[in-house]
Amino acid sequence: MIYLNGDFMPIEEARIPVLDRGFIFGDGVYEVIPVYSRRPFRLAEHLLRLQDSLDGIRLLNPHSNEHWSSLVEQIIARNESEDQYLYLHITRGVAKRDHAFPKGVMPTVFIMSNPLLAPPKELLASGVSAITTDDNRWLRCDIKAISLLPNVLLRQMAVDAGAVETVLLREGFMTEGAASNIFVVKNETLLAPPKNHLMLPGITYDVVLELAAAHKIPNEVRTVSEYEMRTAQELLLTSSTKEIMPITRLDGKPVGDGKPGPMFALLYQLYQNYKVTVMRDAVSIS
Ligand code: PDD
């Protein structure tokens, strides 16, 4: 069951006019929210980022956070899986094709749910392969825009190379993955690129840094050079659907000793424990 502009319906029945600006221009923003045991994970943070994305494209938020929470609750209840991932999508609505904003148009609001499957244990045990390439996206990568053509092309490069992710480099510095954030481990220290216009401020990224701080894991938020990335002890990728995964091969070469390392093992365990605690008690980290 999905939600579209005020109604719940089976996805097969959902219809969007071809003049929707999401279809014509990719003029909209989205969120992906994980749900564990029927509870949305970090909902407040996802709704805050949604507001930032809407502000970034100058689109008024069609709903209050209370209304979003209620829609999220209803969509979870109407779908079967205990663990789900929700996709929220807002476009500037339906209007005659013209680049400039239309006046007096209602935004299109769409929410769907899919089962959330944890990354397979074998992949966590072996780690995954990634490739690198130039980050050729625009300069507002902090907006979670539905116009994802660069990300689509960049991630397909990974798939074509038999890899899971493409790690992006801009002017000698690592930005993020095509659909994930990337952490580097150097000298037993967790390195994270700073949140700015060159990367999406990941919700999972924040959780990892909060866990590192709470458990006194040495960490630095600063620009990470290509050299540091290529000589890393460990590389980790994070996202709401993949949680934390070890990258053990980069451009065909082993990362560190080519096996998931101790930083991954520790953060993965902390993340799993944190998830359980949050879902059970709705308490904060510390
Ligand atoms: N993508 N960077 C990019 C470019 C992303 O697309 C994503 C997530 C992330 C990680 O953000 P978060 O931890 O909040 O999921 C970073 C989602 C999952 C997607 O587009 O499906």
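The ligand is surrounded by 19 residues, of which Tyr30, Arg49, Glu176, Thr204 and Ser240 are the closest; a residue is counted as near a molecule if one of its heavy atoms lies within 4 Å of it. The model is predicted, with local features requiring a pLDDT of at least 70 and side-chain atom pairs counted only at pLDDT 80 or more, while totals for chains, interfaces and linings use all residues. Residues are numbered from 1 along each chain as its sequence is written, and side-chain values use heavy atoms, with hydrogens and water left out.

By class, the shell around the ligand has six nonpolar, ten polar and three charged residues; Asp, Glu, Lys and Arg count as charged, Ala, Val, Leu, Ile, Met, Phe, Trp, Tyr, Cys and Pro as nonpolar, and the others, including Gly, as polar. Domain 1 (2-115) and domain 2 (121-279) both contribute residues to this shell, so the ligand lies between them. The domain bounds come from an automatic or database domain assignment.

In Glu176, a polar side-chain atom lies 2.6 Å from a nitrogen atom of the ligand.

Key:
A polar contact is a pair of N or O atoms within 3.5 Å; within protein, one must be able to donate a hydrogen and the other to accept it, and residues adjacent in sequence count only if both atoms are side-chain atoms.
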